[in-house]
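Have the sequence and the 3D view open as you read.

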Amino acid sequence: MSPMHFEATYGPLWDAFAAELALSRQGKRADGALLASQYRRVCEHLALAQSRAYPIHLIARLETLTQEAHQLIYRRQDYGLRQLSRLLRVDLPRAVRAQRRYVLAALLLFAVPLVASFLLAWSGPDFALRLMEASQLRDFETMYGDGRRVLGRLREAGDDWQMFGIYIFNNIGIGFRCFGAGILAGVGSAFVLLYNGLVIGAAAGHLTRVGLGHNFWPFVATHSAFELTGIVLCGAAGLRMGLGWLAPGRLGRMEALAASARAAVPVVYAAFFLLLVAAAFEAFWSSAAWVAPGVKYGVAATCWLLVILWLGLMGRETGSGAGRRTDRERAHAG
């Protein structure tokens, strides 16, 4: 086969391969199987062209295609940062919106007891003492007492990094209990949400009633945007998983449970990300008594706004409305 005949025969394949590579470089969805198949063919053509000593321009064209494809297929781009960025910007917010019904149910199960518990504990000491022991309430008063350099800690010995690890362990533990308890037909997740709402509300109401709210509220204002949202999302994932067991539909109960768990896992990822951020703020920012309360409240308002925008708007496609349809379709699928 002459070089001209060779190029005329396989040139359309090379052009199509170059177009697939261009799509992949732009971050657009490409046909992976087709790309791999074309890559093998082009490698074969390069080997033939080199063995037959075809003109240099033809060999150079094939070498360029194979080199670009090799870099695209085998390299780890940005050490996974691009994939992580897409996960945080697009996939996780979409997954949360797809389960919006469970998120709303979890929010009500958590927020209503929290508000009611706060008001009851604020109005008098009896309610808080019914939920917690007197020693626990005294510990809270010590943690948020006046004149402390570091707020929210029982032991001054722990430095910020040690407390960061403790907060991660504590936050992830609460989140995992909220999610894992969902296997009990969702009742477990509902109970954990309700219980945490009652305890948090009672502690906040008690500290406000005894005159320590000026220390407590600046401490919790910032990291609560991430921590409370993370707890609610873990509870929502647990409710989603529990519904699969409770109402399997046409699937077997174990199959429905597995399918529900797969749908809930991205919501858990979003929750654990928020709980990790909460631990960082709690260790390095919230506990600093030297930061003026007004500054903390300003940062807290910004954080709440960012969380709402992240979950409500990130990952929506603009222009054609395709993103909005995608969210609705995911919601119905959930």
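Let's start with Ser224, which is buried because its relative accessible area is 12% (buried means under 20% relative accessible area, exposed over 50%, and partly exposed in between, with a 1.4 Å probe and protein chains only). You'll find Ser224 in helix 10; helices here are DSSP runs of H or I with at least four residues, strands are E runs of at least two, and both are numbered from the N terminus. Leaving out residues up to four places away in sequence, Ser224 touches Thr229 and Trp304, where contact means heavy atoms within 4.5 Å.

A quick word on the ground rules. Keep in mind that this is a predicted model, in which local features need pLDDT of at least 70 and side-chain atom pairs count only at pLDDT 80 or more, while totals for chains, interfaces and linings use all residues. Residues are numbered from 1 along each chain as its sequence is written, and side-chain values use heavy atoms, with hydrogens and water left out.

**The largest pocket**

Helix 10 turns up again here: it gives 10 residues, the largest share of the lining of the largest pocket. A pocket is found on a 1 Å grid over the protein atoms alone, as an open set of points with protein on both sides within 12 Å along at least five of seven lines; a cavity is a set where a 1.4 Å probe fits but cannot get out, and lining residues have an atom within 4 Å of a point. The largest pocket holds about 1,200 Å³ of space, the volume being what probe spheres set on the points fill, with points joined across faces, edges and corners.

Its lining has 39 residues, and Phe140, Tyr144, Asn170, Ile200 and Glu227 lie nearest the centre. Helices that each supply at least two lining residues are helix 5 (100-123), helix 7 (134-143), helix 8 (160-180), helix 9 (187-209) and helix 10 (213-246). By type, the lining splits into 25 nonpolar, 8 polar and 6 charged residues; Ala, Val, Leu, Ile, Met, Phe, Trp, Tyr, Cys and Pro count as nonpolar, Asp, Glu, Lys and Arg as charged, and the others, Gly among them, as polar.

Helix 5 also carries Leu120, which counts as partly exposed because its relative accessibility is 44%. Leu120 and Ala202 sit 82 residues apart in sequence, yet their C-alpha atoms are 7.5 Å apart in space.

**Salt bridges**

Side chains of opposite charge can pair when their charged atoms come close. Here the rule asks for a side-chain nitrogen of Lys or Arg within 4 Å of a carboxyl oxygen of Asp or Glu, and the count comes to 3 salt bridges.

| Glu7 | Arg61 | 3.3 Å |

The Asp15–Arg61 pair links distant parts of the chain, helix 1 and helix 3, across 46 residues. Glu7, Asp15 and Arg61 are linked in a network of salt bridges. Glu7 is partly exposed at 25%, and Asp15 is partly exposed at 46%.

In the other pair, Asp91 is partly exposed with a relative accessible area of 29%, and Arg86 is partly exposed at 38%.
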